[in-house]
Amino acid sequence: MRTTVAIDDQLLSRAKRRARQAGLTLGQFIEEALRRELGRKPSSSPRPSVPVFRGGTGLRPGVDGGSNRSLLEAIDEGQPIETLR
């Protein structure tokens, strides 16, 4: 199946180099990496707590409980998720 993904230029260059070294196509290299990663057991580290507004019940004002992105940004003290990668 074909798909399009956005990959950091430096990461893609490293992946292409490693694929060549292993005698694989980039697609084969990415498939193997995904199989390895998806075959691992999930981390048993504790989940971060969700910030909650202390003046009553519910989430802190401005946090959209229906949005994963909003919750993750709140957990990381408002930093956009792109800066945490």
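Start with everything selected: of the 85 residues in the protein chain, 11% are buried. Keep in mind that this is a predicted model.

Now switch to a cartoon view. You'll find three helices and zero strands, in the order α-α-α as you read along the sequence.

Next, select Val5, Ile7, Leu11, Ile30, Leu34 and Leu38. Together they make a nonpolar surface patch of about 560 Å². Which helix gives the most to the nonpolar patch? Color residues 26–39 and you have it: that's helix H2, which puts in three residues.

Val5 sits in the segment before helix H1 (9–22). With a relative accessible area of 58%, Val5 counts as exposed, because the cut-off is over 50%.

For the last stop, jump to Ser70, in helix H3 (residues 68–75). Buried or exposed: what is Ser70? Its relative accessible area is 15%, so Ser70 is buried, the limit being under 20%. Leave out the neighbours within four places in sequence, and Ser70 is in contact with Gly62, Val63 and Asp64. Zoom in on Asp64: its backbone nitrogen is reached by the side chain of Ser70 at 2.8 Å.

How values were computed: Residues numbered from 1 in each chain as written. Predicted model: local features only at pLDDT ≥ 70, side-chain atom pairs only at ≥ 80, totals over all residues. Heavy atoms only, no water. Helix = DSSP H or I, 4+ residues; strand = E, 2+ residues; numbered from the N terminus. Buried < 20%, exposed > 50% of the residue type's maximum accessible area, 1.4 Å probe, protein only. Polar contact = N/O pair within 3.5 Å; in protein donor to acceptor, adjacent residues only side chain to side chain. Contact = heavy atoms within 4.5 Å. Patch = residues over 30% accessible without salt bridge, like charges linked within 9 Å, V, L, I, M, F, W, Y side chains within 5 Å. Areas by Shrake-Rupley, 256 points an atom, 1.4 Å probe, with all protein chains shown as cover. Salt bridge = Lys/Arg side-chain N within 4 Å of Asp/Glu carboxyl O.
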